[in-house]
Amino acid sequence: MSLETTVPAAPSQQPPKLPPLKALVSRLAGNPLGGVIAALVIIFGASCALSPHFLTTFNMMIIARALAFIGLVTIGQSILMILGELDLSVGAIGGLAGVVGGILMVQLGLNPWLSLGLCLLMGAGCGLLNGALITQLRLHSLVLTIGMAGVYGGANLVATKGVAITGVPRDITFLGRGLVMGVPVPFVVLLVCLAIVAFVMLRTPVGRYIYAIGSNPDAARMLGIRVNAIRMGAFALAGFLSALAGILMVARLGTAQPSIGDTWVLGPIAAAVIGGVATTGGIGSPIGAVLGAVIIGIIEDIIVLFGISPYWQSVVSGGIVVLAISFDALARRYLNRDAV
């Protein structure tokens with residue numbers, strides 16, 4: 001007679017279930033595009049319900065055209081934030097590029113298209129200068145770019161003496177006022193730039209390097225990644241996109257205003273955070289950042305439709321920055337509360 005020994009089955013290894021609230025927060029933090037798309041749908045639906053003038057062709061054109069300028073700056077700022085950096089001089093770079101373009105085209109009589117090309121190179125050069133100072137002198141990007149914003153803004157005022165440059169050639173006004181298949185040209189430019197940058201970030205080694213540097217720069221150096229070169233390139237790209245936004249704004253207005261870019265500081269940061277870009281680096285995408293810019297654009301448009309003073313737009317933008325950053329910090333602290 002044989003004795004049979006029964007071996008108890010090993011318990012199945014299943015991940016512990018998170019509490020409902022923590023599971024929801026984790027899902028939103030892990031899929032930032034899902035969260036920002038849901039918020040966009042809710043805000044868009046609420047806007048349609050609140051104002052009969054919101055969902056009209058004319059109003060949609062206004063939103064799309066305004067989004068193009070802030071969206072271009074947001075793309076560059078989001079890449080820097082993924083790297084763990086920040087550039088507060090992007091607005092000043094855009095304004096300086098617009099003014100220099102006006103001087104070259106109007107006062108010096110240079111070919112408009114050549115002038116635009118030179119302005120784009122100047123914008124990239126300003127961003128590259130920021131990156132070089134930060135990397136080579138090991139300066140904090142926030143502090144350095146605050147100072148450089150003063151330099152670029154001061155150069156703008158020196159060149160114009162605070163007076164707008166009028167008489168921009170009609171050859172380039174199509175860039176700011178024209179339509180392509182019923183879509184504003186600046187918005188088409190934004191979509192093209194976003195598609196290129198998103199492809200680089202998601203499908204190329206350079207994009208993987210940027211995420212690696214933002215997550216852990218020391219580990220990235222140990223892997224042989226040229227951290228400083230990529231950081232400088234990211235600052236150059238942010239300057240290039242800011243200059244492009246400045247040039248498109250000049251084409252839109254028909255004049256080179258010294259005030260161009262003054263509002264391009266808080267907005268891109270708020271849009272990036274709303275779109276899921278972490279303030280600590282290594283997380284997020286330019287697509288989410290632009291969707292965040294769409295949310296801000298809709299909110300500002302509703303403010304105008306309801307006849308609220310435009311001065312409240314600054315209050316709203318600042319409040320959105322505070323709320324977005326606070327939510328980002330609280331969500332990550334909540335998720336990591338039990339981590340040891």
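User: So a helix here is a DSSP run of H or I with at least four residues, and the numbering starts at the N terminus. How many helices and strands does the chain have?
Analyst: This is a predicted model. Its chain has 14 helices and two strands.

User: What comes after H3?
Analyst: Gly84 follows H3, and its phi is positive, near 90 degrees.

User: Which residues make up H3, and how far does H3 reach?
Analyst: H3 covers residues 57-82, which is 26 residues. From the first C-alpha to the last it reaches 35 Å, close to the 38 Å expected at 1.5 Å a residue.

User: Where is the kink in H3 centred?
Analyst: On Ala68, with a kink of about 35 degrees.

User: And is H3 mostly covered or mostly open?
Analyst: Mostly covered: of the 26 residues in H3, 20 are buried.

User: What share of the contacts links residues 24 or more positions apart?
Analyst: Among contacts with a separation of 6 or more, 75% are between residues 24 or more positions apart.

User: Changing topic. How many salt bridges are there?
Analyst: Two. In one of them Arg231 pairs with Glu85, and the closest N and O atoms are 2.8 Å apart.

User: Why does that pair tie together separate parts of the chain?
Analyst: Arg231 is in helix H11 (residues 227-253), while Glu85 is in the loop between H3 and helix H4 (90-107), so the pair ties together parts that are 146 residues apart in sequence.

User: Are those two buried or exposed?
Analyst: Arg231 counts as buried because its relative accessibility is 13%, under the 20% cut-off. Glu85 is buried as well, at 12%.

User: Which residues form a salt bridge at 3.4 Å?
Analyst: Arg221 and Asp218; 3.4 Å is the distance between their closest N and O atoms. Both are in helix H10 (residues 217-222), three residues apart, so about one helical turn separates them. Arg221 is partly exposed, with 42% relative accessible area.

User: Which residues form the nonpolar patch on the surface?
Analyst: Leu50, Leu305, Phe306, Ile308, Trp312 and Val315, with about 590 Å² of accessible area together. Val315 belongs to helix H14 (residues 312-335) and is partly exposed at 48% relative accessible area.

User: Now Asn156. Where does it lie, and is it buried or exposed?
Analyst: Asn156 is in helix H6 (residues 141-160). With 4% relative accessibility, Asn156 counts as buried.

User: What is Asn156 in contact with, leaving aside neighbours within four places in sequence?
Analyst: Gly95, Leu96, Val99 and Pro258.

Technical notes. Residues numbered from 1 in each chain as written. Predicted model: local features only at pLDDT ≥ 70, side-chain atom pairs only at ≥ 80, totals over all residues. Heavy atoms only, no water. Expected span 1.5 Å × (residues − 1). Bend = angle between axes of the 7 residues up to and from the residue. Buried < 20%, exposed > 50% of the residue type's maximum accessible area, 1.4 Å probe, protein only. Patch = residues over 30% accessible without salt bridge, like charges linked within 9 Å, V, L, I, M, F, W, Y side chains within 5 Å. Areas by Shrake-Rupley, 256 points an atom, 1.4 Å probe, with all protein chains shown as cover. Salt bridge = Lys/Arg side-chain N within 4 Å of Asp/Glu carboxyl O. Contact = heavy atoms within 4.5 Å.
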